[in-house]
Amino acid sequence: MIIAARRTPIGEAGGVLANRSVDELAAPVLRAVLDDAGVDRVDDVLLGNVLGPGGNPARVAALRAGLGEATPGMTIDRQCASGLSAITTAASMVTGDEFFLAGGAESPSTAPWRAWRPRTPTEPPRFYQRAPFAPAEIGDPDMGPAADLVAAEAGIGRQRQDAFAARSHARAVAAQDAGRFDAELVPIGPARADERPRRGFTPERLARFRPAFTSEGTATAANSCGINDGAAAVLVTSEEQRVRLGVPGLRLLGARTSGADPNRLGLGAVPAMRALRERHEPEVVEFNEAFAGQALACLDAAGIDDELAGPDGGAIALGHPWGASGAVLVVRLFSRMVRQDGPRIGMAALSSGGGLGVATMWERVG
């Protein structure tokens, strides 16, 4: 059961959250979640994180949040699916009356530089942007070219991708204007709202952008997600504790993790999504929009109407703070389903580096 859920505003890398470390982003969210639930103890803190700085950020964030030296912490790296994996892992740990804080945090703005160690005294260090997702002999493409491949093979053209991206921004702006994000946001310094959503991002305007990754590709800077800072967390406990506290929540109906061809890494979540749909049909879907073409290919392959996905916009508009993004999806479901007394059944899912995917199905109760 999830009985409370919060997130930071999502900032652009180098933007409004640029001076906040991973633990500085996560700590106020952890505290806000506990305050919302009126709970004063935590059995463990599980946070997804991709870029570091290492040193178990979950434990550091727990200490910074004032949870006490007896509160443990564990950091999970399943790339973009880390935050959602942290939540499903916490759910699997509930055996009685425990409370677990689970989510993710990412700060590309403060992440350390990474370099391969020199092999000789005269060789300089070789800086790199990302770690390997798969052995080179199997194929380990960057995400952008892989997204172009997935979209091309699925027959998803540029026009549909731009329309999907424009809709994501329009929905996010409408949600901001209507105040639908307000109850889930934890202000961090000057950050009071998501930094990325753009007004007036029409399909016609998006059509002017050139391919960003391959010369004949369809993914552009405008129909892809950004590089972002942010954190999100939820409080996971048992149904018995939810009833005792007298609060509504989200019940986990099912969770699946799947693998696919690393060369088509954006499709990693499709088997997991299909498996969950065999038992439940979602009324609302939060699917991480890394790239419009990749997201549409996944939704189509899983048999989900893309109109159901991201009713208040997705990562193309809001941003993609990698280790936190899966948790952001669940926070968004919590707002839509519980805070707004909305749909009864919802899905949160995303694909991640290496051809992996995680999908979850949730039910509103109480």
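**Domain spans, cores and pocket of a predicted thiolase-annotated model**

UniProt lists "domain: Thiolase N-terminal" (unreviewed entry) at residues 1–240. UniProt positions follow the numbering used here, feature names are shortened, and the annotations may be inferred rather than shown by experiment. The structure is a predicted model, in which local features need pLDDT of at least 70 and side-chain atom pairs count only at pLDDT 80 or more, whereas totals for chains, interfaces and linings use all residues. Residues are numbered from 1 along each chain as its sequence is written, and side-chain values use heavy atoms, with hydrogens and water left out.

Within residues 1–240, 31% of the span is helix and 15% is strand, and the end C-alpha atoms lie 9 Å apart. For residues 254–363 the corresponding values are 36% helix and 24% strand, with the end C-alpha atoms 10 Å apart. Helices (H or I, at least four residues) and strands (E, at least two) are DSSP runs, numbered from the N terminus.

The largest nonpolar core contains 41 residues, of which Ile2, Ile87, Val234, Leu250, Val330 and Trp362 touch the most other members. Helix H11 gives the most to this core, with 10 residues. Apart from it lies another core of 31 residues, among them Val33, Ala37, Ala62 and Leu101. A nonpolar core is here a set of buried Ala, Val, Leu, Ile, Met, Phe, Trp, Tyr and Cys residues joined through side-chain atoms within 4.5 Å. Buried denotes under 20% relative accessible area, exposed over 50%, and partly exposed the range in between (1.4 Å probe, protein chains only). Leaving aside neighbours within four places in sequence, Val234 is in contact (heavy atoms within 4.5 Å) with Ile2, Ala4, Ala5, Val33, Ile87, Phe100, Leu101, Ala102, Val330 and Val331.

Two further residues illustrate buried positions. Thr8, in the loop between strand E1 (2–7) and strand E2 (11–12), counts as buried because its relative accessible area is 0%. Beyond its neighbours within four places in sequence, Thr8 is in contact with Leu17, Leu25, Val29, Leu185, Val186, Ile188, Asp194, Gly230 and Ala231. Ala165 belongs to helix H5 (residues 158–178) and is likewise buried, at 0% relative accessibility. With neighbours within four places in sequence again set aside, the contacts of Ala165 are Leu206, Ala222, Asn223 and Ile316. Ala165 and Ala86 are separated by 79 residues in sequence and by 28 Å in space, C-alpha to C-alpha.

Helix H9 (residues 292–301) is mostly covered, eight of its 10 residues being buried. These buried residues are Ala292, Gly293, Gln294, Ala295, Leu296, Ala297, Cys298 and Leu299. They pack against H4, H5, helix H8 (270–277), strand E10 (284–287), helix H10 (315–318) and E11. Just after H9, Gly303 takes a positive phi of about 75°. The loop between H8 and E10 holds Glu281, which counts as partly exposed because its relative accessibility is 44%. Although Glu281 and Met361 are 80 residues apart along the chain, their C-alpha atoms are separated by 8.9 Å.

Gln79 has a phi of about 55° and lies in the loop between strand E4 (73–76) and helix H3 (82–93). Gln79 counts as buried because its relative accessibility is 18%. Asp341, with a positive phi of about 50°, is located in the loop between helix H11 (322–339) and strand E11 (345–352). Asp341 counts as exposed, at 57% relative accessibility.

The largest pocket has a volume of about 950 Å³. Its lining comprises 33 residues, of which Leu51, Gln129, Arg130, Ile227 and Trp322 lie nearest the centre. Helix H4 (residues 143–154) supplies the largest share of this lining, three residues. The lining residues divide into 21 nonpolar, eight polar and four charged. Ala, Val, Leu, Ile, Met, Phe, Trp, Tyr, Cys and Pro count as nonpolar, Asp, Glu, Lys and Arg as charged, and the others, Gly among them, as polar. On a 1 Å grid over the protein atoms alone, a pocket is an open set of points where a 1.4 Å probe fits, with protein on both sides within 12 Å along at least five of seven lines, and lining residues have an atom within 4 Å of a point. Grid points are joined across faces, edges and corners, and the volume is the space filled by probe spheres set on the points.
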